[in-house]
Amino acid sequence: MKTQVCIIGGGPSGLMLAQLLHLKGIDNIVLERQTREYVLARIRAGVLEHGFADLMREAQCGERMDREGEIHDGFYIAHAGKMDRVDLHKYSGGNSVMVYGQTELTRDLYEARDRMGGKVYHNVEDAQPHDMKTDTPYVTCTLDGEKVRIDCDYIIGADGFHGVSRKSIPSDVLREYERVYPFGWLGILSRTKPVSPELIYAKHERGFALCSLRSQVLSRYYIQVPLTDKVEDWSDEAFWDELKRRLPAEVGARMETGPSIEKSIAPLRSFVAEPMRYGRMFLAGDAAHIVPPTGARGLNSAASDIYYLYHAMLDHYLNGDDTGLDNYSDKALARVWKAQRFSWWMTMALHKFPDNIAYDQKLQEIELEYLFSSERAQGSLAENYVGLPF
Ligand code: APR
Ligand code: PHB
C-alpha cells in the first residue's frame, strides 16, 4: 500500500488529524490496534477547551458537540468547608470550556471518517515504523493475518502512551521526563442527576474528589484512592459514602446516588518525551505526553499537537514550505510543558499527599486562600483551564 501520511493509532489524535488532512486532499491511512467497539467503550475525560472545540468544527465534526455539549463558564473549588467559584468567562477574556465526553467525540470522528470514505483499519497487529531517518519511510503491520507494507512520506505516532512509535526512537535520542503520583482516581459513571450544574473540584483532608458530568442525566464522579486499592474493594455504596464525606455537607446532602454503570481506577502520571520528531516520524498526543487528569488537559494537550502538525503538513504539501515540520517538536513541546505545569499545579494544590509534613499542608491551604483573594491568580488559573492559545 502507499499513502502520503500513515497514522498509527485511531484515538482522538489520529482520527482528528486524518479527518483534517483528508478535507484538504492529503491522502492518509489510520492503523488502529483495537476494534472500534473497544475504542468507543473507553470512558475518558469530558472537558474540551475552546480551541479543541474549534478544531472539531474545522474538521466538520462539531455538529453533535454543539447540539449536545454544554458550555461551562466556570467551576467550583470546595476547600476549607466552603465553595469558591472560578469564573472562567470573566477571567479569561470571555472564554469557556465545552463539557462533551471524549468517547462521544471519538464516535463523531469515526462517523466523519466513514462518511468521507476515510481509510481506517482496525485489529491491526504488529505495526512498526521503519526507515524514519530516510526519505522513504514505511510502516509494516499485519492486517487480517496478512503482512502489509505501507510506503509513505510521513509517519504519525498517535498511538497513545503504550504505543510502538515512541519506543521506535533510539534511546540515545529520546529523553523522557516522568512523575508518578502516589495515588489514583476511582471514577464512576451513573445515570443520576449531577449534583451541580458546574464541576466541583474538592480538596479535603480525606483526599481529593471531583464532581463532573456528561449531561444533566449522567454524572461522572471521582475520588482519590491509594494506588494499592482495587475496583473490587469499592462497592457503589462505599464510593457514594466516601464521595459525600469529601464534599461540603450541603452538597453531599443533595447528592443523588444510584448504581454505577462504569467503575475504574486510573493512576496519575505526568510524562513528556522529547523530541517529538524523529526524521520523518512525528509523535502526537498521549504517545508523547501524559498529564494527570486534574486540570482536564489530556485531550487538550493533544489538540495543539494536531493543530501544529496539520498546519505544518498543509505548508509542506500545498506551499512546499517545511518550516512548520522543522519547528514542530520545539513548538509543540513549548505548549505541552505549559499544560504539564498547569496539570501538576492543580494536582499538587488539591490532593492529599501521604508524605506531606504539616508545613506542606499549610502551604497547600494558603495556595487556595491566595487564589481566591487575588483576581490575577484566578486569571492565571482561568486562562490555563480554558486553554492557552495554540
Ligand atoms: N498499533 C496501532 N494502534 C495502536 C498501537 C499500535 N501498536 N498502540 C496503541 N494504539 C492505539 C490505541 O488502541 C488507541 O486507540 O492508539 C490509540 C491511541 O489513542 P489514545 O490513547 O486515546 O491517545 P490520543 O489519541 O493521543 O488521545 C489523547 O487525550 O484525554 C486524553 O489521555 C486521553 O487518550 C486521550 C488523549
Ligand atoms: C471528567 O469529566 O471525566 C473530568 C472532568 C474534569 C477533569 C477530569 C475529568 O479535570
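Visitor: In which loop is Ala80 found?
Guide: This is a predicted model. Strand β6 covers residues 82-87. Ala80 is found in the loop between β5 and β6.

Visitor: What is the phi of Ala80?
Guide: Most residues other than glycine have a negative phi. Ala80 is a residue other than glycine, yet its phi is positive. The value is near 50°.

Visitor: Is Ala80 buried or exposed?
Guide: The cut-off for exposed is over 50% relative accessible area. Ala80 has 65% relative accessibility, so it counts as exposed.

Visitor: Which residues are closest to the centre of the second largest pocket?
Guide: This pocket holds about 410 Å³ of space. It is lined by 22 residues. The closest to its centre are Ala80, Lys203, His204, Glu205 and Glu365.

Visitor: Which element gives the most to the lining of the second largest pocket?
Guide: Two elements give two or more residues to this lining: β5 (74-79) and α11 (358-373). With five residues, the one that gives the most is α11.

Visitor: Where is Gln60 found, the residue with a positive phi of about 60°?
Guide: Gln60 is not a glycine, but its phi is positive, at about 60°. At 52% relative accessibility, Gln60 counts as exposed. Gln60 is in the loop between α3 (50-58) and α4 (63-68).

Visitor: Which peptide bond is cis, with omega near -10°?
Guide: Most peptide bonds are trans. Pro275 lies in the loop between β17 (260-274) and β18 (277-278). The cis bond runs from Glu274 to Pro275.

Visitor: Which strands stand at the edges of the eight-stranded open sheet?
Guide: The order is β6-β5-β14-β15-β16-β13-β17-β20, and the pairing is mixed. Each edge strand has a single partner strand, so one side of it is left without a neighbour in the sheet. The edge strands are β6 and β20 (289-290).

Visitor: Which residue of β17 is the bridge partner of Arg179?
Guide: Strand β13 covers residues 175-190. It pairs with β17 in the antiparallel sense, over 13 bridges. In β17, the partner of Arg179 is Ser270.

Visitor: What is the volume of the largest cavity?
Guide: The count of cavities of 30 Å³ or more comes to three. The largest of them has a volume of about 110 Å³.

Visitor: Which element gives the most to the lining of the largest cavity?
Guide: The lining has 13 residues; the closest to the centre are Ala45, Gly46, Leu210, Ser212 and Tyr222. Two elements give two or more residues, β15 (209-215) and β16 (218-225). The one that gives the most, with three residues, is β15.

Visitor: Which residue takes a positive phi in the hairpin of β10 and β11?
Guide: Strands β10 (residues 138-143) and β11 (residues 146-151) pair in the antiparallel sense over six bridges. The hairpin has two residues between the strands. The residue with a positive phi, near 50°, is Asp144.

Visitor: Which residue of β11 is the bridge partner of Cys141?
Guide: Cys141 is buried, with a relative accessible area of 2%. In β11, its bridge partner is Val148.

Visitor: How many disulfides are counted?
Guide: A disulfide needs two cysteine sulfur atoms within 2.5 Å. The closest cysteine sulfur to that of Cys141 is in Cys6, 7.2 Å away, too far for a bond. Cys152 is buried, with a relative accessible area of 6%, and its sulfur is 5.1 Å from the closest cysteine sulfur, in Cys6, also too far. The count of disulfides comes to zero.

Definitions and conventions
Residues numbered from 1 in each chain as written. Chains lettered and ligands numbered in written order. Predicted model: local features only at pLDDT ≥ 70, side-chain atom pairs only at ≥ 80, totals over all residues. Heavy atoms only, no water. Buried < 20%, exposed > 50% of the residue type's maximum accessible area, 1.4 Å probe, protein only. 1 Å grid on protein atoms, 1.4 Å probe; cavity = no way out; pocket = protein on both sides within 12 Å on 5 of 7 lines; lining within 4 Å. Points joined across faces, edges and corners; volume = space filled by probe spheres on them. Helix = DSSP H or I, 4+ residues; strand = E, 2+ residues; numbered from the N terminus. Pairing = 2+ DSSP bridges.
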